[in-house]
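Please walk me through this structure.

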Amino acid sequence: MNALKRAVRYLSRKPRKTLLLIAVVFAASFTVMTSAGLIETASTLSDKIKQSSRPSIAVYHESEKAIDPSTAESLAKRGDVTSSNRMGQIDVLPVGFSAIEAPVPDPGWDDAIRIHAFDDLSQGSPFADQLLRLTEGRLIEPADEKAVLLHSDLAETNGIQVGDTVRFRSQSGNVTQAKVVGLFAAAGGNEGDQGLSTSRAQSFNQVYADCETSLSLGMSGFSEVRLIPVDPDGSNELAEDVVAELGSDYAADILTSAYDRIAPSLNSATDTAFAVLVLAAGVSVASISSILALWGKGRVHERAILLSLGVRRAALIAQASIEAFAVSAISAAASFVATFTVLPFLTFAVLPQQAPQTSALPTAVVAAGCATITVPVIASVVVAAITTARNPIELFAKRS
């Protein structure tokens, strides 16, 4: 009988022992795999955010005056700036549709709505801060012109859908039309108590549009211009240069990037997972090796008989390695499935709203799975080699 058949028969004759070892290896490998997966996920997310995130510089007028379009354009064309995001607002009247009635009439200008102007809604806006969420369509992008986002309730009340064209009239009589590219609502699904808010201040009656649309309606300028520096480490220098060029009436604040805001959570998650990984790996190797050593010692009599019957020592070592491989392979496969299912939830729990959605296991989990198979096999081979090193007579004498 060859080593493979003996290994299969031994495992089938000892179902409880086999299941116990599978359970032990599974528990150990699952802990190691999830810890390794969390470490790699946090590290990968950290690298991606760090590469894509840069601190921004908010330039504004200290007296709350509007920054004129020419000044905003000159800031955007600076050589040490990669991009800019102009921000402003203007109150207008809807043409062909109506604002949602507010608890208190709007003094001086009933039925008005407020347009918030942005070059890029993905940066520095309530959407980026997760105060508002996109319910349909897309956000305003830098290349957009004549594009707006409406509140979903405002759109539903007036029968407006994504892709429709809406018109606005300014106080001076300018009329502009724009295409609805998206709908939005509050991030938590609750608009909150509007209290005694007027029509324009009510969230339902606020619209987000590109800056060109707002300027065509008579917006005099921008309340703020945010600059993204070419060199993230040169933010302080850029802020000082901008204020020096524009004059003392202007101010420039350095705003932290997304990476700076999430870095503490990422570092905490990584440190915790690494500590668990080291502890789990050490305990796993020690416990699995100890169990296999005890079981190997209990098989001294069995191996002495096989040796006396002419079975080669190499065949017994091969049998031990096959048994360990079968048990660890089953445990690793079960751990892969469990980790694949649980890891996204664990990542989301540690890094809420930042966890990357992926259907592939991190490579660290695969490496942990390989270690799950390798460690028991090596331990079994070592134990088998030690217990078969003597001749059968000495083994019998030791057993008795």
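In which helix is the place of Ser335? Ser335 sits in helix α9, which spans residues 313-350. Bear in mind that this is a predicted model.

Is Ser335 buried or exposed? The relative accessibility of Ser335 is 0%. Buried means under 20%, so Ser335 counts as buried. Which residues does Ser335 touch, leaving aside those up to four places away in sequence? They are Phe26, Ser29, Phe30 and Met33.

The largest cavity has a volume of about 200 Å³. Its lining is made up of 16 residues. Nearest the centre of the largest cavity lie Leu292, Trp295, Arg299, Glu323 and Ser380. Which elements give two or more residues to this lining? They are α1 (3-13), α2 (15-52), α7 (258-297), α9 and α10 (363-387). Helix α9 gives the most to the lining of the largest cavity, with 4 residues.

Now turn to the aromatic rings. A pair of aromatic rings is described by the distance of the centres and the angle of the planes. How many aromatic pairs does the structure hold? There are 6. One of them joins Phe127 and Phe184. Their centres are 5.7 Å apart, with 80 degrees between the planes. Planes over 60 degrees apart count as edge-to-face, so the Phe127 and Phe184 pair is edge-to-face.

Where do these two residues lie? Phe127 is in the loop between β3 (113-118) and β4 (132-137). Phe184 is in strand β7, residues 175-186. The pair therefore ties together parts that are 57 residues apart in sequence. Both Phe127 and Phe184 are buried.

Phe184 also pairs with Tyr208. This pair is edge-to-face too, at 5.4 Å centre to centre and 85 degrees between the planes. It links distant parts of the chain, with Phe184 in strand β7 and Tyr208 in strand β8 (residues 206-209). The two residues are 24 residues apart. Tyr208 is buried, as is Phe184.

Which residues form one aromatic cluster? Phe118, Phe127, Phe184 and Tyr208 do.

Definitions and conventions:
Residues numbered from 1 in each chain as written. Predicted model: local features only at pLDDT ≥ 70, side-chain atom pairs only at ≥ 80, totals over all residues. Heavy atoms only, no water. Buried < 20%, exposed > 50% of the residue type's maximum accessible area, 1.4 Å probe, protein only. Contact = heavy atoms within 4.5 Å. 1 Å grid on protein atoms, 1.4 Å probe; cavity = no way out; pocket = protein on both sides within 12 Å on 5 of 7 lines; lining within 4 Å. Points joined across faces, edges and corners; volume = space filled by probe spheres on them. Phe/Tyr/Trp six-rings, centres within 6.5 Å; stacked < 30°, edge-to-face > 60°.
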